[in-house]
Amino acid sequence: RIVKRQIGCRRDINRLNGQFLSLYESLIPAEEEKAKQKQLLLLLEKHVAKEWPEARLYLYGSCANSFGFPRSDIDVCLAMEDADVDKSEVLLKLADILQSDNLQNVQALTRARVPIVKLMDPATGISCDICVNNILAVVNTKLLRDYAQIDVRLRQLAFIVKHWAKSRGVNETYHGTLSSYAYVLMCVHFLQQRRPAILPCLQGMENTYAVTVDSTECAYFDQVEKLSGFGSHNRESIGQLVWAFFNYWAYCHDYANDVISVRTGSMLSKHEKDWTRRVGNDRHLICIEDPFELSHDLGRVVDKFSIRVIREEFERAAEILQCDPDPCVMLFKPYVP
Ligand code: GTP
Ligand code: MG
């Protein structure tokens, strides 16, 4: 494999800021979507409270982490007091209760990897998946939402990267490419690594928020309103950052040895994580440590075929950003197999 040298950024990169910012503006959901989600959540809460008065409902995933696209489905977690509750039993009961209301396509999928109830609410037009006790997802959703409040460039970069990944067909874990969650973590890590840093490492600071989920400690500094000027010493524009992001993953990342870690705000070695060889289906060809579940590599879905696809897409994007006079057209050109 020929690894190209990192090349200096094109001189007119700031010319692209306007286009990237309008793309970002066009991708953020309208405020009334939030209101509709709330309305559906309230309806679900009303039903849940009758059967399980102690239970709570939380939104998680892109509908709550501030990296969601318009008209997305919502992900809801039903948090039960009893951590060892029989999830299938709860979901079947829940489906039964919700069926009786004016909700459509209510289905309990108890054999899925993450068992859920699916439904569609005709009043709001929103589809939703409800899982039970997936508390780590609720906590990592809060972590991403908190990072997003520190510097707007994270949200801008992540929307552009997600839009690129969806257009180019590399946001499909079923086909061995990466989840949206993984791409957002790559963006957080990238901004932690800029000099001066654009984002801090919240898990490396004083803990103002702490929960224990099963036996996993989740703790970090969550008073992010106190960090609003954190990235202001770094004046890099969105154009420069998009260029540098793709350039990094195309030509600078050491795929053979390195693990990206938002938890530590640094690079770890595969050696210290013991992620140097394939174990079961985990091949560790691109390594992204989950911020709380430390044994969890978000790159585990990537196989020897899809790693080539992903890296070639990073190289293609870097090349276009470097050379194309009007890069936005090719960069987001839908991939047709
Ligand atoms: P889109 O639906 O693509 O817009 O993004 P999303 O943010 O909903 O992301 P995704 O569907 O990838 O993940 C949903 C949520 O599941 C994430 O936000 C995490 O909170 C949680 N999650 C925890 N572990 C994993 C994991 O290994 N893979 C994925 N995909 N999600 C995880
Ligand atoms: Mg989702």
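**A walk through the strands and cores**

Leucine 78 has valine 132, in β5, as its bridge partner. The model is predicted: local features need pLDDT of at least 70, side-chain atom pairs count only at pLDDT 80 or more, and totals for chains, interfaces and linings use all residues. Residues are numbered from 1 along each chain as its sequence is written, chains are lettered from A and ligands numbered from 1 in the order in which they are written, and side-chain values use heavy atoms, with hydrogens and water left out.

Strands here are DSSP runs of E, at least two residues long, and helices are runs of H or I, at least four long, numbered from the N terminus. Two strands pair if DSSP finds at least two bridges between them. Strands of a sheet pair through backbone hydrogen bonds, either parallel or antiparallel. Strand β2 (residues 74–79) pairs with β5 in the parallel sense, over five bridges. Strand β4 (residues 116–121) runs antiparallel to β5, and six bridges join them. Methionine 120 stands opposite serine 127 in β5. Four residues lie between β4 and β5 in their hairpin, and glycine 125 in the turn has a positive phi of about 75 degrees.

How much of strand β5 is buried? Buried means under 20% relative accessible area, exposed means over 50%, and partly exposed is in between (1.4 Å probe, protein chains only). Six of the seven residues of β5 (residues 126–132) are buried, so this strand is largely enclosed by the rest of the structure.

Cysteine 128 counts as buried, at 1% relative accessibility. Cysteine 63 is buried too, at 8%. A disulfide is a pair of cysteine sulfur atoms within 2.5 Å. The structure holds zero disulfides. Cysteine 63 is in none; its nearest cysteine sulfur, that of cysteine 128, is 8.7 Å away.

Now turn to the cores. In soluble globular proteins, nonpolar side chains tend to be buried together. A nonpolar core is a set of buried Ala, Val, Leu, Ile, Met, Phe, Trp, Tyr and Cys residues joined through side-chain atoms within 4.5 Å. The largest has 74 residues. Those with the most contacts inside it are Phe20, Trp164, Met186, Phe245, Phe246 and Phe314. Helix α7 (residues 238–252) gives the most to this core, with eleven residues. Domain 1 (13–27 + 152–331) and domain 2 (31–136) both give residues to this core, so it lies between them. These bounds come from an automatic or database domain assignment. Apart from this core lies another, of 27 residues, including Leu44, Cys63, Ala64 and Ile74.

Next comes an open sheet. Its three strands have the order β9-β8-β10, with mixed pairing. The edge strands, β9 (266–269) and β10 (287–289), each pair on one side only. Strand β8 (residues 258–261) pairs with β10 in the parallel sense over three bridges. There, isoleucine 260 stands opposite isoleucine 288. Helix α6 (residues 180–193) lies across β8, β9 and β10, running at about 90 degrees to β8. Contact means heavy atoms within 4.5 Å. Axes are lines fitted to C-alpha atoms, for helices over the stretch in contact, and angles run from 0 to 180 degrees between N-to-C directions.

Finish with another hairpin. Strands β6 (residues 209–213) and β7 (residues 216–220) pair in the antiparallel sense over five bridges. Two residues lie between these strands, and aspartate 214 takes a positive phi near 55 degrees.
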